[in-house]
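Subject: Structure for your review

Dear colleague,

My notes on what was found in it follow.

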Amino acid sequence: MATPLDADALDIDPLLDDPATRIVVCCGSGGVGKTTTAAALGVRAAERGRRTVVLTIDPARRLAQSMGLSELDNTPREVPGIDKAAGGELHAMMLDMKRTFDEIVETHADTDRAKAILENPFYQSLSTGFAGTQEYMAMEKLGQLRAGDEWDLIVVDTPPSRSALDFLDAPGRLGSFLDGKFIKLMMAPARVGGRAGMKVVNLGMAGLSLFTGALNKLLGAGLLRDVQTFIAAMDTMFGGFRTRADATYRLLQAPGTAFLVVAAPERDALREAAYFVERLAADRMPLAGLVLNRVHGSEAAGLSAERALAAAENLEDGGIVDREGGKVLDRDAPSAGPAAPEDGSPAVENPGHPRSVTTLGRAEKTETTTETAERTIAERTAAERTIPDVRSATDRTSTDGSTRDDGHGDAQGGEGGRDGEESRDSLHESRDGREDSAEVSVLAAGLLRLHADRMRLLARERRTRDRFMALHPDVPLAEVAALPGDVHDLDGLRAIGERLADQSRSAGPR
Amino acid sequence: MTGKGGTGKTTVAAALALALAHGGRRTLLVEVEGRQGIAQLFETEPLPYEERKIAVSHGNGEVYALAIDAERALLDYLQTFYKLGSAGRALKRLGAIDFATTIAPGLRDVLLTGKACEAVRRRDKRQRPVYDAVVMDAPPTGRIARFLGVNEEVAGLAKVGPVHNQAQAVMRVLKSPETAVHLVTLLEEMPVQETIDGIAELRAAGLPAASVVVNMVRPELPGEEQLLTAPGRTDEIAHAFARAGLGGARRGGRAERLVTPLLEQGREHAQRVRLERVLRAELSAQGLPVRELGLLSEGVELAGLYGLARELRGQWQNSGADAAGTDGKHP
């Protein structure tokens with residue numbers, strides 16, 4: 001099936017290969033595989049011939065290990081195992097927020113002043129502590145890496161912010177606070193050496209002295225003095241944080257930067273992605289496209305969930321047609337073994353057609369099989385998740401003697417455990433040549449149910465994605481098929497890169 | 001309630017608030033990250049900075065919700081202690097409030113935790129707690145120990161004064177048996193690893209890590225074990241598909257062509273099941289109760305949320321109390 005609404009495919013390779021592309025920023029909400037995407041892009045770009053550095057912020061341990069990173073380390077290290085045949089290489093680093101900040105101080109201040117700043121308690125909190133610093137330092141590091149002109153391509157992972165937008169806002173916020181009106185007012189006394197200096201400032205004076213008074217009481221005078229000293233030291237040290245933050249921000253708007261919004265095909269992740277897309281547009285940041293991770297596909301998409309479920313039920317109902325004549329009512333009878341029709345005939349009329357289920361003794365439940373199955377999957381709880389592996393056709397014999405209905409919905413749900421137990425018992429009592437065939441029926445039914453689940457998931461993911469694409473039709477899209485486990489090594493990252501680049505088969509036919 | 005991004009911690013927090021309100025209790029669900037996740041979940045307008053009833057539970061139970069805004073919390077705070085009045089607005093114009101909540105070390109987190117603790121300690125005229133339980137949709141696992149521990153840092157920085165006292169009071173509540181930190185995770189490697197790290201960090205900070213909630217657990221599949229033996233039996237499976245009415249079993253027949261892709265899906269599933277088993281074991285080894293919530297295959301809607309609340313309530317009842325500390329404020 002074609003991508004819906006004919007959305008543009010995001011062409012990763014031309015983006016990575018273009019010498020004009022100097023920075024790729026991966027952003028998105030937490031838990032969508034942002035860091036993995038950044039790492040995979042780095043590996044791919046390097047093996048396609050570019051000198052690449054990946055700046056990760058807070059990678060999961062094993063992902064870091066896959067790139068040979070073992071600890072926070074503020075200088076890029078070469079990643080071993082990269083194929084350099086095309087002339088590229090890959091370096092990677094994990095951002096050490098405090099060290100980056102310390103380095104700024106050390107580069108821009110003389111030794112004594114640097115020492116004073118580094119030992120300032122307010123600085124120590126600022127550099128490790130709160131909202132915005134990590135984002136700012138990521139920007140700062142990006143600026144440094146770019147300024148050196150040592151790299152063809154810098155791939156940046158963004159911090160795991162509470163909201164993806166923080167990454168864009170934080171530097172400006174920090175910069176404007178440190179450089180703002182208020183902080184200038186606060187600095188005034190420290191700069192001229194005492195409370196008398198306050199008189200220099202005439203505007204907003206009443207509010208200010210009230211507030212500094214309040215702050216002094218609230219925080220204790222010592223802290224405010226620390227802040228004042230710190231700001232004064234920083235301010236004289238280099239031309240203001242504001243300028244730096246603005247410069248980094250402009251760097252992101254410059255041609256040569258490409259933003260990739262990373263998401264998973266889930267409502268919340270795509271909602272964040274939508275905000276991000278809109279924000280990037282508002283700030284004239286160059287959006288390259290949306291990377292949709294963990295998309296499920298199926299090579300058997302032609303078989304619908306409904307048909308797969310119906311077929312699974314046919315198999316599980318295996319013996320009905322056969323046994324109907326015999327009216328086997330006693331589940332303990334030796335003959336009540338697994339019951340796959342030997343003639344290979346369909347076990348139930350109207351295969352694939354939703355039938356009404358009226359269960360013996362549970363006649364209050366009348367639902368179509370499809371509804372039942374859906375309800376079952378939605379409601380099955382932890383406590384009930386004890387369905388035995390073999391739920392063969394045998395337990396059907398207990399009910400189908402008097403009705404042709406299958407009681408399946410309930411067996412599947414709350415009482416599955418008990419029913420299954422009994423069926424297993426009877427299976428043991430009836431070890432005969434048919435056991436294999438019964439097992440295959442269970443297996444085949446299991447595969448079909450799995451497929452039905454997969455198809456439902458697929459449909460849900462597609463709905464979520466289509467909604468996004470309808471609202472943002474101009475955003476090129478790349479889908480990455482879900483992997484069964486996490487990525488641990490370069491091969492895994494290569495595989496992700498493959499899937500990213502090859503959109504024709506990334507998530508299988510849809 | 002904490003959890004890695006994408007694990008559904010907001011949903012689980014809301015479900016717990018509903019569960020704890022069961023039987024005529026009153027709970028407060030607190031949001032601190034300004035995302036309006038609670039409003040989206042309950043399909044209501046964005047929450048203002050005031051406590052507002054958003055749901056009812058069995059037996060006249062009530063769930064209130066509050067989206068804490070750090071700026072407003074600071075203004076309230078200054079108002080309470082210093083009667084700032086219009087000077088507060090002047091400060092806002094100067095950017096002083098922004099400054100204080102964003103830059104002053106951890107003040108934002110102090111205000112957020114402080115407001116939640118105030119709700120915990122609030123009493124009515126008859127000296128009974130206004131809320132039976134307060135559930136906080138807290139920052140993610142990677143930041144939780146730092147977020148909850150910030151008051152300790154602040155109490156160290158501001159050595160005297162009301163902020164110091166407030167910070168210490170908050171820490172006392174957070175470290176007391178009245179508080180329970182629950183970590184939401186998925187059965188996937190990164191969230192599990194973060195959960196384990198988070199538990200260690202909480203313990204190191206003397207904060208009460210109480211339980212792990214595994215969210216979105218996939219239902220087990222009948223025949224799951226047999227999937228491992230499947231690849232050798234393609235012919236038999238093709239015949240079974242044919243019996244089930246899916247077409248011909250012969251090579252190239254419709255049923256036969258289904259075998260390979262479905263077996264591949266089965267193999268992936270089996271691989272995931274094995275991985276999940278390992279991850280479950282890792283979580284169990286943490287010495288905390290581990291609870292599981294089933295996957296809502298159609299996504300979280302209101303009905304699903306109430307379903308999760310029932311599930312939580314059932315599980316907490318069966319295992320004794322630790323949902324909201326050990327003071328009896330559990331369902």
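To begin with one residue of chain B, Gly156(B) is found in helix α7 (residues 141–157) of chain B. Its relative accessibility is 39%, and Gly156(B) therefore counts as partly exposed. In sequence, Gly156(B) and Ala167(B) are eleven residues apart, while their C-alpha atoms lie 9.3 Å from each other in space. Please bear in mind throughout that this is a predicted model.

Confidence in the prediction

For chain B the average pLDDT is 85, and 85% of the residues score at least 70. One stretch to treat separately is residues 325–331 of chain B, where pLDDT stays under 50.

Chain A has a mean pLDDT of 71, with 58% of its residues reaching 70 or more. Over residues 319–433 of chain A, pLDDT stays under 50, and the model has 202 contacts beyond four places in sequence for them. A further stretch of chain A, residues 506–510, also has pLDDT below 50, with 19 contacts in the model beyond near neighbours in sequence.

Chain B

The secondary structure of chain B comprises twelve helices and eight strands. Chain B has 331 residues, of which 58% count as buried. Of the contacts in chain B with a separation of 6 or more, 69% are between residues 24 or more positions apart.

An open sheet of four strands is present in chain B, in the order β3-β4-β2-β5 and with mixed pairing. Its edge strands are β3 (52–57) and β5 of chain B, each of which pairs on one side only. On average, neighbouring strands of this sheet are turned by 25° against each other, direction ignored. Helix α6(B) packs on the sheet and touches β2, β4 and β5 of chain B. The direction of α6(B) makes about 160° with that of β5(B).

Within the sheet, strand β2 (residues 26–31) of chain B pairs with β5(B) in the parallel sense, over five bridges. Thr27(B) stands opposite Ala133(B) in β5(B).

Another parallel pairing in chain B joins strand β6 (residues 181–185) to β7(B), again through five bridges. Here Val181(B) has Ala209(B) in β7(B) as its bridge partner. Strand β7 (residues 209–217) of chain B has eight of its nine residues buried, so this strand is largely enclosed by the rest of the structure.

The aromatic pair

How many aromatic pairs were counted over all chains? The count comes to one. Tyr64(B) and Tyr131(B) form this pair in an edge-to-face arrangement, with 6.0 Å from centre to centre and 70° between the planes. The pair links distant parts of the chain, as its two residues are 67 residues apart. Tyr64(B) belongs to strand β4 (residues 61–67) of chain B, and Tyr131(B) to the loop between α6 (107–121) and β5 (133–137) of chain B. Is Tyr131(B) buried or exposed? Tyr131(B) counts as buried because its relative accessibility is 4%, which is under the 20% cut-off.

Chain A

Helix α2 (residues 34–47) of chain A has 14 residues and reaches 20 Å from its first C-alpha to its last, close to the 20 Å expected at 1.5 Å a residue. This helix, α2(A), is mostly covered, with 14 of its 14 residues buried. Gly49(A) follows α2(A) and has a positive phi, near 110°.

Positive phi values also occur in residues other than glycine. One of them is Asp149(A), with phi near 60°. Asp149(A) lies in the loop between α7 (133–148) and β5 (153–157) of chain A. Another is Arg294(A), with phi near 55°. Arg294(A) is in strand β7 (residues 287–295) of chain A. Because its relative accessible area is 31%, Arg294(A) is partly exposed.

With kind regards

Terms used. Residues are numbered from 1 along each chain as its sequence is written. Chains are lettered from A and ligands numbered from 1 in the order in which they are written. This is a predicted model: local features need pLDDT of at least 70, side-chain atom pairs count only at pLDDT 80 or more; totals for chains, interfaces and linings use all residues. Side-chain values use heavy atoms; hydrogens and water are left out. Rings of Phe, Tyr and Trp (its six-membered ring) pair if their centres lie within 6.5 Å; planes under 30 degrees apart count as stacked, over 60 as edge-to-face and the rest as tilted. Buried means under 20% relative accessible area, exposed over 50%, partly exposed in between (1.4 Å probe, protein chains only). pLDDT is the predictor's confidence in each residue, from 0 to 100. Contact means heavy atoms within 4.5 Å. The expected span of a helix is 1.5 Å times one less than its number of residues. Two strands pair if DSSP finds at least two bridges between them. Axes are lines fitted to C-alpha atoms, for helices over the stretch in contact, and angles run from 0 to 180 degrees between N-to-C directions.
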